Amino acid sequence: MEPGEDMEEEDSPGGREDGFTAEHLAAEAMAADMDPWLVFDARTTPAAELDAWLAKYPPSQVTRYGDPGSPNSEPVGWIAAYGQGYVPNSGDVQGLQAAWEALQTSGRPITPSTLRQLAITHHVLSGKWLIHLAPGFKLDHAWAGIARAVVEGRLQVAKVSPRAREGGRQVICVYTDDFTDRLGVLEADAAIRAAGIKCLLTYKPDVYTYLGIYRANRWHLCPTLYESRFQLGGSTRGSRVLDRANNVELT
């Protein structure tokens, strides 16, 4: 992949994303989570079987709702890889959502700081680096590199969306345990770059996802904390990471 290609669009708070509202995007994400997933679980499956699994289920060919000519005949929500040390821990999501409903009716300001505190209070601390790529070889190659990094222990867990019926870019999500742990977030970015990923990355805490807050949201919030741009030479990390809220370079 070449640097700067297939870049994610800039956040545009309060607008519409690709013709869809934030509510529509949240509903689509929930539906995908509920449908069956294709999972390579390194906790129960030998690493030697990964290459065959990747060849069988390339994300550019796996379709969201299943097609006769695709590797899947039934709907698939996500394609995922779990590392050997992966332990699911989503925190108190129900408590978070109840507190969010109360916050909206309280009349108090809704800001990134209040959402951060909600996440900490309810232990919903995970987050993910997002990689958007068009269907095709680059997507499949990027996903293979990420999945290998997960199975080899350099990353914990990752998933990629299947190809949508209407086309458009697909997204790879690479997770970290704690969005407030900046060092851990930067280490994951470095591992992604080491896997050969050169396009723009953005980092989003899961609290925004669980609350249905996407780019086109009514609160005019930017749901991504960081962006990472690949750079050739001059940096041993291979990327420049920007704190978007404070417009400060971290690396």
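Where is Ser-161 found? Ser-161 lies in the loop between β4 (157-160) and β5 (170-176). The model is predicted.

- Ser-161 has a relative accessibility of 12%, so it counts as buried; the cut-off for buried is under 20%.
- The side chain of Ser-161 reaches the backbone nitrogen of Val-171 at 3.0 Å.
- Setting aside residues up to four places away in sequence, Ser-161 touches Pro-59, Trp-78, Gln-170 and Val-171.

**Aromatic pairs**

- A pair of aromatic rings is described by two things: the distance of the centres and the angle of the planes.
- Rings count as a pair here if their centres lie within 6.5 Å. By this rule there are seven aromatic pairs.
- One of them joins Phe-40 and Trp-53: the ring centres are 5.6 Å apart and the planes are at 55 degrees, so this pair is tilted.
- Phe-40 belongs to strand β1 (residues 38-41) and Trp-53 to helix α2 (residues 50-56), so their pairing ties together parts that are 13 residues apart in sequence.
- Phe-40 is buried, at 3% relative accessible area. Trp-53 is buried too, at 11%.
- Another pair is Trp-129 with Tyr-203: the centres are 5.3 Å apart and the planes at 65 degrees, so this pair is edge-to-face. The cut-off for edge-to-face is over 60 degrees.
- That pair links distant parts of the chain. Trp-129 is in strand β3 (residues 127-133), Tyr-203 is in strand β6 (residues 201-205), and they are 74 residues apart.
- Trp-129 is buried, with a relative accessible area of 0%. Tyr-203 is buried, also with a value of 0%.

**Charges over rings**

- The charged end of Lys-159 sits over the ring of Trp-78, 3.9 Å from the ring centre.
- Lys-204 lies over the face of Tyr-214, and the distance to the ring centre is 3.9 Å.

**Helix α4 and its buried face**

- Which residues of helix α4 (residues 112-121) are buried? They are Leu-115, Leu-118 and Ala-119.
- Seen down the axis of α4, these buried residues fall within an arc of 100 degrees, so they line one face of the helix.
- An α-helix has 3.6 residues a turn, so residues three or four places apart point the same way.
- The cover over the buried residues of α4 includes α3 (93-106) and α7 (206-210).
- After α4 comes His-123, whose phi is positive, near 60 degrees.

**Nonpolar cores**

- In soluble globular proteins, nonpolar side chains tend to be buried together.
- The largest nonpolar core here has 55 residues. Trp-129, Ile-131, Trp-143 and Ile-146 have the most contacts inside it.
- Helix α5 (residues 137-151) gives this core its largest share, nine residues.
- What does Ile-146 touch, not counting residues up to four places away in sequence? Ile-146 touches Ile-131, Leu-155, Ala-158, Ile-172, Val-174, Ile-192, Ala-195 and Ile-197.
- A second, separate core has ten residues, including Ala-32, Trp-78, Tyr-86 and Val-157.

Methods. Residues numbered from 1 in each chain as written. Predicted model: local features only at pLDDT ≥ 70, side-chain atom pairs only at ≥ 80, totals over all residues. Heavy atoms only, no water. Phe/Tyr/Trp six-rings, centres within 6.5 Å; stacked < 30°, edge-to-face > 60°. Helix = DSSP H or I, 4+ residues; strand = E, 2+ residues; numbered from the N terminus. Buried < 20%, exposed > 50% of the residue type's maximum accessible area, 1.4 Å probe, protein only. Lys NZ or Arg CZ within 6 Å of the ring centre and 35° of its normal. Arc of directions from axis to C-beta. Contact = heavy atoms within 4.5 Å. Core = buried A, V, L, I, M, F, W, Y, C linked by side-chain atoms within 4.5 Å. Polar contact = N/O pair within 3.5 Å; in protein donor to acceptor, adjacent residues only side chain to side chain.
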